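Take a moment with the sequence and the model below. Turn the model around before you read on.

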Amino acid sequence: MLGDTIAAVSTPRGKGGVALLRISGDRAIEIASRVFRPKNKKALSDCEARLAVYGEILAPDGDGAWQAVDDGIATVFKAPASFTGEDTVELCCHGGMLLTETVLTSCLAAGAKPASAGEFTRRAVMNGKMGLSSAEALGNILEASTHEQLKLAHNGMGGRIEKKTEAIYNALRDVLASIYVKIDYPDEDLADMSREDIIASLENCEKELCALANTYRTGHAIAEGIPTVICGRPNVGKSSLYNRIVGRDAAIVTDIEGTTRDVLTETAALGRVTLRLFDMAGLHETSDPVERIGIDRAEQAMREAELILAVFDGSRAATQEDFDLIEYLAKQNATVVAVINKGDVGDMDEPLYAASFANVVKISAKDGDGMDRLSDCVEKLFVDGSLDSRRDAVLTNARQHAAAVSALEAVRHALDALQGGYPIDLSCTDAENAMSALSELDGRAVSEDIIAQIFSHFCVGK
Ligand code: GDP
C-alpha cells in the first residue's frame, strides 16, 4: 500500500563487500532511527539530508534489547528529493548473508512492511518522480545484456519518451481548446487557431506520432531482441556460426552429422541488433527419436522466428536438402538472410543463392571472415540507422507502441473529418482519444492492472 513504509535489500542476495537496504515512506526516518545509531550522537532526523552518516546498526536480541550487529552508513533523503519522492533512508552494512537478513528483519521489527517487486520504482512513478516509460527503461537497464541495450535504456531513463509525448499532448490540448471555443462561440473570432491552423497542427502531430511509432521497429530489435533461428542441413556450420555470434563455444561443433540435438537459446549482439538466438538440429528427416524431438522443436522455433539465418555450405554443390530448404524458406514470413559458409574453402552455387534470396552474405565461420558483413546486413534490416540510441526517443515495448499507434489513429481520424469538411466539433472526441492514449504511454493515466504487470518484472528492492 502506498501509505505504508516499506523496506527491502536492494543489492543481490549473496556474500559481498557491502549490502544496501532501502526504507521508504512517511515513517522511514523514525524506523531507521531504531535500527541505526549515528556515532556523532545526533538524532538521525537532525542529520543533514543526502549526507552519509557513520554509525552502528542495531538488531533486537533474544530478550528484545537492541544491540549493535555491525557498523555502517545511513543516508537520509527527505521527501520529495528522493528516488521514490518519499522520505527514504538508505542503510549500508557489510554484505554478509545473515547480517543483511538480520538488518532487514530489524527494519520490519521497527515497523516497516516488506517491499514487493519493483515497489520503490512504482512509488517513484505514482509520486510523479518519473514517467512509466522511464521506469520501464530502468527495468531494461537491469536486464541489459548488450551495450546497445544499455545505451538505449539509459537514454530512456532520462524521460526521452515522456518529453516527446508531452510536446504532442500539449499541441493536441491547444487544438482542443480552440475547437471548444469555436463550438461555444461560433459567431465570434475568439479561438487562438483558425480551422487551417488546427489542420496544420494535427498534421504535425500525425507526422510526429508516425515517426515515434516507427521507432519501435528499432527499439524492438535492440531492447526486446529478434527471435532468430539458424537453420541449414547438417554439417554446413550452423553451430560454428552460433558460436561466432555469441562469442564463445556454446554449441557443440563436430563433423558428425546430427550432433546438435537440442534447441539452445542465448541472447547476443550482432552489430546494434540483439538476437534471441535458437540453434537447433538440422531440418532433415531422421529415424533417431532423440533427434526427431530436436527437429520438432526446431520447426516450432522456425515458426516463431522473425529472422532466419539460413546456412549453406559454399565449399560443396547444393544438395537436394538445400533445394528443399530454399523452397521451405520462400514460404516463411520471417526475414531470411542466406549465409554462405566455408568461404575459406570455396563459393559454389553463388548464382543459385543470389537468385533465391534477397539477402545473401558470404562468410567463413571458421576464421570469422565476413561476420562484419553479416552484422551490417542484419543491422540494415532491423535498425533505422538515423536513430541514435543515446539521444532519440525510441519506443522499446509493445505497450508503448500500441499506445502510440492508438494516438496516431485518433489523430488521423480527426484529420480525415476536418479535411473532409465535416463540422469541427466532430474532431473533439478523436483529439481527446489521442490525448488519453498519450497519457497511457507516459503513465499519467494507465490502469492499475498494467502498472502491476509492469512492476511484477522488477526485482524486490528496486
Ligand atoms: P552444423 O552441423 O551445421 O552445426 O555444423 P558445425 O558447426 O558443427 O560444423 C561442421 C564442420 O564444418 C566442422 O568440422 C567445422 O569445423 C566445419 N566448419 C564450420 N564452419 C566452417 C568454415 O567456415 N570453414 C571450414 N573450412 N570449415 C568449417
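The paragraphs below go from the whole chain to single residues.

This is a predicted model. Start with the overall build. The protein has 462 residues, and 48% of them count as buried. Its secondary structure comes to 15 helices and 13 strands. How does its radius of gyration compare with that of a compact globule? A compact globule of 462 residues would come out near 23 Å, but the protein has 29 Å. Along the principal axes, the C-alpha atoms fill a box of roughly 80 × 80 × 35 Å.

Now look at contacts and surface. Take the contacts with a separation of 6 or more: residues 24 or more positions apart account for 66% of them. The accessible surface is about 22000 Å². Carbon and sulfur atoms hold 51% of that surface.

Next, find the sheet. Seven strands form an open sheet with mixed pairing. Read across it, and the order is S3-S4-S5-S6-S2-S1-S7. The edges are strand S3 (36–38) and strand S7 (113–114), and each pairs on one side only. Inside the sheet, strand S1 (residues 6–9) runs antiparallel to strand S2 (residues 16–24), with four bridges between them. In one of these pairings, Ala-8 has Arg-22 in S2 as its bridge partner.

The loops deserve a look too. Most residues other than glycine have a negative phi, and most peptide bonds are trans. Where does Arg-50 lie? Arg-50 sits in the loop between S3 and strand S4 (53–60). Its phi is near 60°, a positive value in a residue other than glycine. Arg-50 counts as exposed because its relative accessibility is 58%, and the cut-off for exposed is over 50%. Further along, a cis peptide bond joins Ala-79 and Pro-80, with omega about 0°. Pro-80 belongs to the loop between strand S5 (66–77) and strand S6 (88–95).

How many disulfides does the structure hold? It holds zero. Cys-92 is in no disulfide, and the nearest cysteine sulfur, that of Cys-93, is 7.4 Å away. That is too far for a bond, because a disulfide needs the two sulfur atoms within 2.5 Å. Are these residues buried or exposed? Cys-92 is partly exposed, with a relative accessible area of 25%. Cys-93 is buried, at 2%.

Move on to helix H4 (residues 132–143). H4 has 12 residues and reaches 17 Å from its first C-alpha to its last. That is close to the 16 Å expected at 1.5 Å a residue. The buried residues of H4 are Leu-132, Ser-133, Ser-134, Ala-135, Glu-136, Ala-137, Leu-138 and Gly-139. An α-helix has 3.6 residues a turn, so residues three or four places apart point the same way.

End at the stretch around helix H8. Asn-235 is in the loop between strand S8 (226–231) and H8. Asn-235 is not a glycine, yet its phi is positive, about 75°. It counts as partly exposed, at 23% relative accessibility. Helix H8 (residues 238–246) comes next, and seven of its nine residues are buried. Among them are Lys-238, Leu-241, Tyr-242, Ile-245 and Val-246. Just after H8, Gly-247 takes a positive phi of about 80°.

How values were computed
Residues numbered from 1 in each chain as written. Predicted model: local features only at pLDDT ≥ 70, side-chain atom pairs only at ≥ 80, totals over all residues. Heavy atoms only, no water. Helix = DSSP H or I, 4+ residues; strand = E, 2+ residues; numbered from the N terminus. Expected span 1.5 Å × (residues − 1). Buried < 20%, exposed > 50% of the residue type's maximum accessible area, 1.4 Å probe, protein only. Rg over C-alpha atoms; globule rule 2.2 N^0.38 Å. Contact = heavy atoms within 4.5 Å. Areas by Shrake-Rupley, 256 points an atom, 1.4 Å probe, with all protein chains shown as cover. Pairing = 2+ DSSP bridges.
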